[in-house]
Amino acid sequence: MAEEQVQQEEAVREIRINPIVPSQSVLVATARSMRPKQAEQAAPRDTRKHVDTCPFCTGNEHMTPPEIATYPSPDEWQIRIVENLYPVLGDDRRNPNFSFGLQQTIDGYGRHEVIIDHDHHGIGLHEMSVGHLAMLFGAYRERMVDLYAGDERLRYVLAFKNFGPAAGGSIPHTHSQLIAMPVVPDNVQAEVHSSRHFYEKHHRCIFCSLIDEALTFEATIYDRESGRVRRRLDVGQYVIERGERFIAIKPFASRYEWEIHILPLRHQADYRAATPEDLEDLAGVLKRSMARLEAVLGGVQYNYFLHSLPPHDQGGSGQQSFHWHLEICPRTSIPTGFELGAGLFVNTISPEEAAARLRAVALEERAERAPQ
Ligand SMILES: [Zn+2]
Ligand SMILES: [Zn+2]
Ligand SMILES: [Zn+2]
């Protein structure tokens with residue numbers, strides 16, 4: 001019943017420091033009067049299996065730019081990777097690097113690929129089989145291996161997914177994207193630097209330490225004056241899902257109300273090192289996490305993205321200090337001027353309550369193994 005009590009606790013109003021990147025903090029403000037945010041309109045999901053006019057549906061392969069790869073085989077695809085019709089970064093090297101006074105630019109060189117996640121037009125991630133999801137994450141891995149190996153100028157390959165209009169999903173057919181870029185994005189760089197710094201000081205990976213805390217840490221903090229319980233930390237309070245090799249955690253300083261991070265339980269810095277067995281377990285943890293989000297939110301719009309050790313940061317303690325992970329950011333509210341202006345995210349549901357609600361979902365145990 002400890003969980004019940006935690007949920008009944010008084011409203012939270014505090015700034016929480018992101019343990020990985022301390023410069024990123026979050027205002028957790030749960031009192032009703034503190035809710036300055038506007039809810040994102042729920043978008044009805046297009047659940048159709050096939051749409052004749054959709055360029056990503058089977059039979060319309062001629063409508064997409066050239067094909068890069070298909071899974072499981074060229075003749076009958078379930079996952080299809082193509083070049084993006086409107087690439088953010090391109091191969092054309094028309095603009096040399098440029099520096100004039102304070103204006104500096106780096107050539108918009110790179111690659112932009114679309115991964116058609118499934119041949120079923122409107123299938124939700126939580127509805128895909130574990131085998132299919134493992135194949136999808138295997139496809140990300142293979143593309144990363146190939147892109148990095150094929151071009152030394154590429155500093156980071158970001159695999160991500162936008163699902164739903166609030167998350168920037170422009171085509172309703174389920175798909176994800178890969179953008180290979182000539183710079184390491186700032187937020188990845190910040191995680192790499194901070195975790196390296198932590199490692200040099202404590203000789204431990206900060207992500208592994210966070211997982212350990214989530215699985216083993218228990219504490220009660222009392223008010224010094226009144227002696228009342230101020231906060232209680234229970235074992236597993238931030239754990240949403242657990243597989244044999246992966247864990248899904250609700251971050252203590254979540255930017256988004258329903259944000260979930262999935263990490264390998266055993267230390268691994270580079271996503272490219274993940275084995276097929278790893279990806280199978282990741283797929284199960286992801287599927288169950290998405291089913292929980294779907295059950296609580298009813299039509300979840302989200303972004304997810306992979307953070308992995310960039311190839312140019314492999315030296316020094318990079319392999320020991322960084323730990324790859326998947327960040328899932330459900331989009332349930334519209335960022336306000338305060339958030340954009342202050343760079344401080346406001347979270348109106350305490351991460352403890354969100355975790356308890358996600359954990360409370362009773363998932364139907366369907367032994368699901370797709371024959372692929
Ligand atoms: Zn389609
Ligand atoms: Zn680690
Ligand atoms: Zn990250």
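This is a predicted model: local features need pLDDT of at least 70, side-chain atom pairs count only at pLDDT 80 or more; totals for chains, interfaces and linings use all residues.
Modeller: Residues are numbered from 1 along each chain as its sequence is written. Local features need pLDDT of at least 70, and side-chain atom pairs count only at pLDDT 80 or more.

Biologist: What makes the arrangement around the zinc ion (ligand 2) tetrahedral?

Modeller: Donors are N, O and S atoms within 2.8 Å of the metal (3.2 Å for Na, K and Ca). The protein donors here are C205 (SG), C208 (SG), H267 (ND1) and H323 (ND1), 2.1 to 2.3 Å from the zinc ion. Four donors count as tetrahedral if all angles lie between 85 and 135 degrees. The four donor atoms subtend 106 to 114°, so the arrangement is tetrahedral.

Biologist: Why does H267 count as partly exposed?

Modeller: Buried means under 20% relative accessible area, exposed over 50%, and partly exposed in between (1.4 Å probe, protein chains only). H267 has 33% relative accessibility, so H267 counts as partly exposed.

Biologist: How do you know that β15 and β17 pair?

Modeller: Strands (E, at least two residues) are DSSP runs, numbered from the N terminus. Two strands pair if DSSP finds at least two bridges between them. Strand β15 (residues 260-264) and strand β17 (residues 325-330) have three bridges, in the antiparallel sense. The bridge partner of H261 is E327 in β17.

Biologist: Why is one side of β4 and of β13 left without a neighbour in the sheet?

Modeller: The ten strands form an open sheet in the order β4-β5-β8-β10-β9-β16-β17-β15-β14-β13. β4 (67-72) and β13 (239-242) stand at the edges with a single partner strand each, so one side of each has no neighbour in the sheet.

Technical notes. Chains are lettered from A and ligands numbered from 1 in the order in which they are written. Side-chain values use heavy atoms; hydrogens and water are left out. Helices (H or I, at least four residues) and strands (E, at least two) are DSSP runs, numbered from the N terminus. Four donors count as tetrahedral if all angles lie between 85 and 135 degrees; four count as square planar and six as octahedral if opposite donors are over 155 degrees apart and all others between 65 and 115; anything else is irregular.
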